Amino acid sequence: DLRPQYILLLQRVEAKEPLETQAVPLTAKVRRQLKLDWSRDGLTFAELDRRLPESMLVRSKVYEPPLPPREVLAELAQVYMMSFDQETWSSSHFCLRIIGKGTGPEYAYK
């Protein structure tokens, strides 16, 4: 099957080193990416240190306010046992479901 595989990349900003206080200077922060992928093998995930290349981006969303981790986990708990089906539950369905959560501006790349 030559249909495209969609990958969801959730980006977060966190302190480079855990600190006692909440005030962290911008220079002491780092961006992390959580790559979520739904395929015939089910849900897979990986931590990345950088974004995917711009050429791979199709759509993005800036969650305002940020999407809480508990909401992401709740969504994953609802879908992790679903069976892959190219027509009814594929990587594109998965990505659209997650990107539909929360509020904020969306951007199209292609």
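The model is predicted, so local features need pLDDT of at least 70 and side-chain atom pairs count only at pLDDT 80 or more, whereas totals for chains, interfaces and linings use all residues. Residues are numbered from 1 along each chain as its sequence is written, and side-chain values use heavy atoms, with hydrogens and water left out.

**Overall composition**

The protein chain has two helices and five strands. Their order from the N terminus is β-β-β-β-α-α-β. Helices (H or I, at least four residues) and strands (E, at least two) are DSSP runs, numbered from the N terminus. Of the 110 residues in the protein chain, 26% are buried. Buried stands for under 20% relative accessible area, exposed for over 50%, and partly exposed for values in between, with a 1.4 Å probe and protein chains only. Among contacts in the protein chain with a separation of 6 or more, 62% come from residues 24 or more positions apart; a contact is defined by heavy atoms within 4.5 Å.

**The sheet**

Three strands make up an open, antiparallel sheet in the order S1-S2-S3. Strands pair if DSSP finds at least two bridges between them. S1 (7-15) and S3 are the edge strands, each pairing on one side only. From one strand to the next, the twist averages 20 degrees. Nine bridges join S1 to S2 (residues 29-39) in the antiparallel sense. One of the residue pairs is Leu 9 with Lys 35, its bridge partner in S2.

Helix H2 lies across S1, S2 and S3 and runs at about 40 degrees to S1. Axes are lines fitted to C-alpha atoms, for helices over the stretch in contact, and angles run from 0 to 180 degrees between N-to-C directions.

**Helix packing**

Two packed helices are described by the angle between their axes and the distance between the axes. For H1 (residues 69-79) and H2 (residues 91-99), the angle is about 150 degrees and the axes are 11 Å apart. Their crossing is right-handed; by definition, a crossing is right-handed if the near helix is turned clockwise from the far one by less than a right angle, and left-handed if anticlockwise. On the H1 side the contact involves Glu 75, Leu 76, Gln 78 and Val 79, which meet Phe 94, Arg 97 and Ile 98 of H2. By class, the residues of this contact are four nonpolar, one polar and two charged. In this scheme Ala, Val, Leu, Ile, Met, Phe, Trp, Tyr, Cys and Pro are nonpolar, Asp, Glu, Lys and Arg are charged, and the others, Gly among them, are polar.

**Salt bridges**

A salt bridge is a side-chain nitrogen of Lys or Arg within 4 Å of a carboxyl oxygen of Asp or Glu. By this rule there are seven salt bridges. The table gives some of them.

| Side chains | N to O distance |
|---|---|
| Arg 32 and Asp 49 | 3.1 Å |
| Arg 97 and Glu 75 | 2.6 Å |
| Lys 101 and Glu 75 | 3.3 Å |

The salt bridge of Arg 32 with Asp 49 ties together parts that are 17 residues apart in sequence, because Arg 32 lies in strand S2 and Asp 49 in the loop between S3 and S4. Arg 32 is partly exposed at a relative accessible area of 24%, whereas Asp 49 is exposed at 63%.

Glu 75 is buried, with 8% relative accessibility. Both partners are partly exposed, Arg 97 with a relative accessible area of 29% and Lys 101 at 31% relative accessibility. Elsewhere, salt bridges link Arg 59, Lys 61 and Glu 106 in a network.

**Loop residues**

Leu 57 is located in the loop between S3 (42-48) and S4 (59-61). Leu 57 counts as buried because its relative accessibility is 12%. Its C-alpha atom is 9.3 Å from that of Ile 7, a residue 50 residues apart from Leu 57 along the chain.

Pro 65 is in the loop between S4 and H1. The peptide bond from Glu 64 to Pro 65 is cis, with omega near 0 degrees.
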